[in-house]
Amino acid sequence: MILLFSQLVFAAPAVQNIDGNYTKACHLMEDDSLITHLTIQGPRWNFSHVAYEDDKCTKAYLVYEETYKVKSVDREIDMTTVEATYASLSDKVTEALNMINWCGFSDWKTNEARVVTGKVCDEYKVPGEGDILYTTYQVKAQNPLQIFMGTASSELDGKTPQTRYQMTERFPFVQTR
């Protein structure tokens, strides 16, 4: 009975059109407060992570975007990195990024996206072009649609098909129309 219920609630993405715009509400990721937007257009998935100065997500200061080409079979997806960018949203943040040579650049401009694919930014190694993340996702078939993305666990890091993420995040991306 539980198996039947889960099959009804979580639709197989391969048979459902999920193209559109989605948003994950204000949430914490490590030390950052973020609102994340997801745009799906066929095999092109774009994640836009907007970082905020406060935990209520009222004052944005930085945007990190990742664009992937996605190959999907049922709930398993292979996300191939196309490009990653950062954009500063204020002159104060831009000045700070330039002072610390963020991602190897000292000529950041406010509201101008900078391609950082494959770079090291602080202690974060940005995925390189062609890098693949092996993950999963689930679609909750309700109105509006909800997408739960895969997340790493202690033994599954998403670096190979054998270590594909199997768990999904607790908070969904909700379709915004």
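Is Cys-57 buried or exposed? Select this residue to begin the tour; the model on display is a predicted one. Cys-57 is buried, with a relative accessible area of 11%, which falls under the 20% limit for that class.

**First stop: the disulfide of Cys-57**

The link is right-handed, with 75 degrees about the S-S bond. Cys-26 belongs to strand 2, whereas Cys-57 sits in the loop between strand 4 and strand 5, so the bond ties together parts that are 31 residues apart in sequence.

The structure holds two disulfides. For the other, select Cys-103 and Cys-121, which are joined with an S to S distance of 1.9 Å. The torsion about this S-S bond is about 125 degrees, so this disulfide is right-handed. Cys-103 is found in the loop between helix 2 (91–99) and strand 7 (114–115), and Cys-121 in strand 8 (residues 120–121); the pair therefore ties together parts that are 18 residues apart in sequence. Cys-103 is buried at 4% relative accessibility, and Cys-121 is buried at 1%. With bonded cysteines counted along the chain, the disulfides follow the pattern 1-2, 3-4.

Next, select Ile-18, Tyr-22, Trp-45, Phe-47, Tyr-137, Ile-147 and Met-149. These residues have the most contacts inside the largest nonpolar core, which has 16 residues. Strands 3, 4, 5, 6, 10 and 11 each supply at least two residues of this core. A second, separate core comprises 15 residues, including Leu-34, Ala-51, Leu-97 and Cys-103.

Now select strand 11 (146–151). Five of its six residues are buried, so strand 11 is largely enclosed by the rest of the structure. Which strands pair with it?

- Strand 10 runs antiparallel to strand 11 and is joined to it by four bridges. Val-139 stands opposite Ile-147 of strand 11, and a hairpin connects the two strands through five residues.
- Strand 13 (residues 173–175) is also antiparallel to strand 11, with two bridges between them. Here Gln-146 has Val-174 as its bridge partner.
- Strand 12 (residues 167–168) is joined to strand 11 by two bridges and is likewise antiparallel. In this case, Gly-150 is partnered by Thr-168.

Finally, select Met-29, His-49, Tyr-64, Glu-66 and Tyr-124. Of the 40 residues that line the largest pocket, these are the closest to its centre. The pocket holds about 1300 Å³ of space. Several strands each supply at least two residues of the lining, among them strand 2 (20–29), strand 6 (76–88) and strand 10 (132–140). Strand 5 gives the most, with five residues. By class, the lining has 20 nonpolar, eight polar and twelve charged residues.

The second largest pocket has a volume of about 180 Å³. To display its lining, select Lys-24, His-27, Leu-28, Met-29, Glu-169, Arg-170 and Phe-171. This lining has three nonpolar, one polar and three charged residues. Met-29 lines this pocket and is also one of the residues closest to the centre of the largest pocket.

Terms used: Residues numbered from 1 in each chain as written. Predicted model: local features only at pLDDT ≥ 70, side-chain atom pairs only at ≥ 80, totals over all residues. Heavy atoms only, no water. 1 Å grid on protein atoms, 1.4 Å probe; cavity = no way out; pocket = protein on both sides within 12 Å on 5 of 7 lines; lining within 4 Å. Points joined across faces, edges and corners; volume = space filled by probe spheres on them. Nonpolar A, V, L, I, M, F, W, Y, C, P; charged D, E, K, R; others polar. Disulfide = S-S within 2.5 Å. Buried < 20%, exposed > 50% of the residue type's maximum accessible area, 1.4 Å probe, protein only. Core = buried A, V, L, I, M, F, W, Y, C linked by side-chain atoms within 4.5 Å. Pairing = 2+ DSSP bridges.
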